[in-house]
Amino acid sequence: MPKVSIDLDMVLVTNQEFVKKAEDCMPELHETMVKPAALVDIVKTDAVYPQVKQKDSVENLSNYHLAKGDKICLDFGDHQVGYVTLKVNSVGSPQDAPAFLRLKFGEIAKEMTENSADYDGWISRGWIQEEYIHVDILPAELKLPRRYAFRYMEIEAIDTSLKWQLVVEDVTCISVSAASMDEVKHIESEDEMVRSLDRVSLRTLMNCMQSVFEDGPKRDRRLWLGDLRLQALTNYVTFRNFDLVKRCLYLFAGQTRDDGLVSACLFTEPKFIVDDTFLLDYSMFFGAALLDYYKASGDMETLRDLSKCAYRQMEIVKEQFDEKNLLVNGEGFWAFIDWTEGLDKQAAMQGVYIFCTKKVQQIAEILGDKEKATELSAEAETKAEAARKYLWDKETGLFVSGSDRQISYASQVWLILAGAVSSEEGIQILDKVKELNPEKGMVSPYMNHHYVEALLLCGKKEEAMDYMKYYWGGMISSGADTFWELYNPKNPAESPYGNSIVNSYCHAWSCTPAYLLRKYF
């Protein structure tokens with residue numbers, strides 16, 4: 001199990017004014033009734049992803065009489081986030097025993113072929129979307145209280161009796177989101193894959209837009225700062241829901257650690273509270289996200305309100321540098337960067353610090369704080385100079401990280417995005433790391449997004465497009481309706497949790513092709 005930075009004795013400071021401003025931006029969710037599109041069979045094969053075969057029209061649903069052990073699978077045609085209602089009845093003799101049902105929901109077909117009893121991962125099996133229900137009296141209407149994220153729904157009659165069978169007469173889902181597809185114009189292109197990248201990205205973002213920008217509507221249903229920054233960038237060029245971003249920024253600033261550090265994530269139910277997980281890269285991204293919001297919305301009041309919080313994140317992280325002006329590796333899981341196992345994060349974090357320092361410098365400039373802007377400009381250059389002096393390996397022409405001088409994609413990408421090298425140098429670095437193909441690659445759409453942005457920053461537009469088609473297009477080719485939390489083309493079944501049944505298959509940080517296509521293409 002990964003180590004996580006937690007503090008059981010953490011003291012929180014709440015700014016009630018900020019919390020009130022966040023609550024004033026609570027969205028009203030759009031509701032859409034959706035019915036299943038078809039009855040299907042999901043066939044497990046030797047391949048990682050099973051085959052989905054249409055079995056029957058959903059209009060014939062009530063023709064299926066379910067005795068003990070019988071099951072049916074419904075395909076809703078696309079990824080849904082919402083509340084399910086079933087109308088069930090019986091046929092045959094009078095009901096002489098309760099109906100015992102098992103309901104299983106899956107975001108992708110692969111989940112439907114996995115046995116939850118085999119799960120032995122390190123995060124809670126409570127995330128597996130599976131219900132066992134007794135119905136004493138039929139007919140009945142079952143309004144399931146939980147919210148589900150799914151495309152496929154399996155209904156199994158665990159038991160009825162020998163004298164009667166179960167009939168499912170109707171199934172509906174009230175899908176919910178703070179956004180609507182009616183609010184956005186899809187990209188027009190003669191390239192079908194480009195259209196698919198956009199469509200799936202938009203669906204991903206829309207289904208993560210709830211009372212906050214959730215990281216995943218199946219799991220974790222929380223607001224994470226790193227995810228928020230990428231969701232917000234995509235939102236600005238698509239749904240343009242500025243109030244939802246504003247709400248999230250005020251929530252993060254509304255409750256911090258007693259030293260002012262912003263948490264990596266927060267909960268909104270049963271009450272608003274930050275998590276005891278702190279990731280330094282995520283904390284630094286608060287300032288970058290605030291600047292992006294201001295540039296998109298022009299909301300000077302929010303920029304002024306939250307600027308001190310943005311400044312404070314950089315002040316706290318500044319204390320983590322050594323005499324060489326290099327960020328010191330801390331104990332445990334001190335930064336995210338990517339899920340890549342064994343990744344040394346020092347160089348990448350150096351890049352994130354420089355990147356975010358420059359973003360916060362822009363905030364100071366906009367607010368007319370010349371002294372703070374000058375201080376941050378000098379700080380960014382000092383840390384960039386240290387990266388060039390101590391982290392640059394002349395032999396390979398690449399940046400290295402940590403005492404073992406590890407070479408990874410993440411180190412190169414973040415120091416390029418930080419502007420620690422010129423665009424021309426960045427081109428050479430990207431070519432060399434691709435040729436070297438280091439062991440420490442990239443496994444999350446989050447890290448892959450930043451790789452594509454580095455390509456685009458260096459003018460490698462055609463290569464960036466090809467890579468988007470390879471990476472996000474690989475998920476589409478594997479049946480994705482929404483983009484996933486994790487996708488490793490070299491190991492499609494990979495999971496950071498010990499079993500892919502708890503992977504999130506609609507995940508916030510993977511929605512960015514819609515942003516990249518609109519900004520750069």
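Author: Start with Lys21, which counts as buried because its relative accessibility is 18%. Buried means under 20% relative accessible area, exposed means over 50%, and partly exposed is in between, with a 1.4 Å probe and protein chains only.

Reader: Before we go on, what kind of model is this?

Author: This is a predicted model, where local features need pLDDT of at least 70 and side-chain atom pairs count only at pLDDT 80 or more, while totals for chains, interfaces and linings use all residues. Residues are numbered from 1 along each chain as its sequence is written, and side-chain values use heavy atoms, with hydrogens and water left out.

Reader: Back to Lys21. Which side chain does it meet in a salt bridge?

Author: That of Glu301, at 2.9 Å from N to O. A salt bridge here is a side-chain nitrogen of Lys or Arg within 4 Å of a carboxyl oxygen of Asp or Glu. The pair links distant parts of the chain, with Lys21 in helix 1 (residues 16-23) and Glu301 in helix 7 (residues 300-318), 280 residues apart. Helices (H or I, at least four residues) and strands (E, at least two) are DSSP runs, numbered from the N terminus.

Reader: And Glu301, buried or partly exposed?

Author: Partly exposed, at 49% relative accessibility.

Reader: How many salt bridges are there in the whole structure?

Author: A search finds 37. Another one joins Asp78 and Arg203, whose closest N and O atoms are 3.9 Å apart. Asp78 is in strand 6 (residues 71-92) and Arg203 in helix 3 (residues 192-208), so this pair ties together parts 125 residues apart in sequence. Asp78 is partly exposed at 23%, whereas Arg203 is buried at 15%.

Reader: What about Glu130 and Arg102?

Author: Their side chains also meet in a salt bridge, 2.9 Å from N to O. Glu130 belongs to strand 8 (residues 130-135) and Arg102 to strand 7 (residues 99-106), so parts 28 residues apart in sequence are tied together. Glu130 is buried, with a relative accessible area of 16%, and Arg102 is buried at 10%.

Reader: Which residues do shared partners join into one network?

Author: Arg219, Asp220, Arg222, Asp275 and Glu485.

Reader: New topic. How many residues of helix 5 are buried?

Author: 12 of its 13, so the helix is mostly covered. Among them are Phe242, Lys246, Arg247 and Gly254.

Reader: What span should helix 5 have?

Author: 18 Å, and its end C-alpha atoms are 18 Å apart, which agrees. The expected span is 1.5 Å times one less than the number of residues, and helix 5 has 13 (residues 242-254).
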